[in-house]
Structure formats: structure tokens, C-alpha cells
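User: I have a chain here that I'd like to go through with you. Can we start with the overall layout and then look at single residues?

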Amino acid sequence: PGETVWDVGCGTGSVSIELARAAFPGHVYGVDSNHDAVELSLQNREHFGAYNFHVQEGEAPDVLNRLPDPDAVFIGGTKGQLTDILKTVLERNPTARICLNAVTLETLNHAVSAFAELGIKADITQISVSESAKLGSSHMLKPQNPVFLIAGNCS
């Protein structure tokens with residue numbers, strides 16, 4: 001509560017809105033370069049009354065220079081600019097907490113490498129969900145795509 005959070009690659013704002021609820025009376029700044037996603041974020045902000053969620057359209061890391069310094073950053077998409085985004089975060093607040101998600105092994109590898117290059121200790125969590133499906137008279141679990149969360153802090 002009370003912190004400033006960036007959501008880089010915020011998409012439709014679902015993570016941003018949850019962050020806004022947790023950060024209130026702080027503020028969440030969502031950034032996305034996709035105009036349609038930004039429009040959906042704005043609609044979702046109105047629908048859920050998350051008025052401490054502010055949406056910026058543009059490319060990271062450039063648009064990050066218009067935002068207040070972050071206490072925490074969630075990275076949902078980077079368009080290949082992860083290292084530059086992380087450098088910007090660390091320049092603005094070297095003790096910011098950082099978390100990003102990865103759905104591919106290549107993104108996971110790139111994130112871990114970028115964290116190491118910048119002196120950030122990476123804590124990796126793999127999350128998976130399975131749904132039940134009928135198999136004859138029994139039930140089996142069908143796995144969904146796993147997601148990796150990579151969290152770090154320089155302090």
C-alpha cells in the first residue's frame with residue numbers, strides 16, 4: 001500500500017488492476033505499445049474503479065522516463081527490450097523489486113541472463129495449472145502451459 005508500481009507490457013490491464021487494489025493509496029502505471037490493449041486497459045480501469053491505475057501508450061523503455069520512480073515493477077512484455085528496461089528501472093530506483101513472467105524457455109533464459117548481467121539475484125518460480133478431464137469412468141489432470149515468474153532485487 002502506498003507504493004508506486006510500474007506494469008511494463010500491461011496488455012489489457014488485468015495485472016495492473018490487481019496491483020492497483022494492493023497498492024492503494026499508491027499508484028500503478030501501466031505501459032503498453034498496443035493501442036487496442038491500452039484502450040481495453042482504460043475500459044477495465046473504469047469497469048473496476050481502479051482510478052489509481054494510469055495507462056501510458058508507448059514503447060518501453062522510452063515511455064518509462066515520463067513516470068514517477070518505481071518501488072516495484074512487473075514486466076509482462078518487453079518486445080525484446082528487457083535489458084534496457086531493467087537498466088532504466090535500476091537507474092530510477094536501484095532497490096526496486098522486480099518481477100517478470102515468461103511463458104517460453106527462451107524468455108526465461110534471457111531474463112536470467114539479463115538479471116545476472118545487471119547484478120540482480122534471480123528467484124525463479126514455475127507455476128502450472130491442470131484441469132480435470134473425464135477419462136472413461138475416471139478423471140485425469142490435463143496440464144496447461146506453465147508460466148515462470150522471475151523475481152529480483154538489487155539491494
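Analyst: From the N terminus on, the elements run β-α-β-α-β-β-α-β-α-β-β-β-β. This is a predicted model.

User: How many helices and strands is that?
Analyst: The protein has 4 helices and 9 strands.

User: What box do the C-alpha atoms fill?
Analyst: Along the principal axes, the C-alpha atoms fill a box of roughly 60 × 40 × 30 Å.

User: And what share of the residues is buried?
Analyst: Of the 155 residues, 37% count as buried. The accessible surface comes to about 8500 Å², and 52% of that belongs to carbon and sulfur atoms.

User: What about contacts between residues at least 24 apart?
Analyst: Among contacts between residues at least 6 apart in sequence, 62% join residues at least 24 apart.

User: Charges next. How many positive and negative side chains?
Analyst: There are 10 positive and 18 negative side chains, and the centres of the two sets lie 6 Å apart.

User: On to the inside. Which residues have the most contacts in the largest nonpolar core?
Analyst: W6, V8, L64, I75, I98 and I150 do, in a core of 26 residues. The elements that give two or more residues to this core are β1 (4-8), β2 (27-32), β4 (72-75), α3 (82-92), β5 (97-102), α4 (105-117) and β9 (147-153).

User: Which of them gives the most?
Analyst: α3 does, with 5 residues in this core. Nonpolar side chains in soluble globular proteins tend to be buried together.

User: Which residues of α3 are buried?
Analyst: L82, T83, I85, L86, T88, V89 and L90. The buried residues of α3 pack against β1, β4, β5 and α4.

User: Back to I150. What does I150 touch?
Analyst: Leaving out residues up to four places away in sequence, I150 touches I98, C99, L100, A102, L108, A111, F115, A122, D123 and I124. There is also a second, separate core of 10 residues, which includes V5, I17, A50 and F53.

User: Now cysteines. How many disulfides?
Analyst: The count comes to 0 disulfides. For C10, the nearest cysteine sulfur is that of C99, 16 Å away.

User: What sits against C10?
Analyst: S41 is one of its contacts. S41 is found in helix α2 (residues 35-48) and is buried, at 0% relative accessibility. Not counting residues up to four places away in sequence, S41 touches C10, G11, T12, G13, F53 and V55.

User: What is the phi of K79?
Analyst: K79 has a positive phi of about 50 degrees, although it is not a glycine. K79 lies in the loop between β4 and α3.

User: Is K79 buried or exposed?
Analyst: K79 counts as exposed, at 62% relative accessibility.

User: Last one. Where is P143, and what is it in contact with?
Analyst: P143 lies in strand β8 (residues 138-143). Leaving aside neighbours within four places in sequence, P143 is in contact with V129 and S130. P143 is exposed, with a relative accessible area of 63%.

User: And how is P143 placed relative to D71?
Analyst: P143 and D71 are 72 residues apart along the chain, and their C-alpha atoms are separated by 35 Å.

How values were computed:
Residues numbered from 1 in each chain as written. Predicted model: local features only at pLDDT ≥ 70, side-chain atom pairs only at ≥ 80, totals over all residues. Heavy atoms only, no water. Disulfide = S-S within 2.5 Å. Buried < 20%, exposed > 50% of the residue type's maximum accessible area, 1.4 Å probe, protein only. Contact = heavy atoms within 4.5 Å. Areas by Shrake-Rupley, 256 points an atom, 1.4 Å probe, with all protein chains shown as cover. Lys, Arg positive; Asp, Glu negative; His and termini not counted. Charge placed at Lys NZ, Arg CZ, Asp CG, Glu CD. Core = buried A, V, L, I, M, F, W, Y, C linked by side-chain atoms within 4.5 Å.
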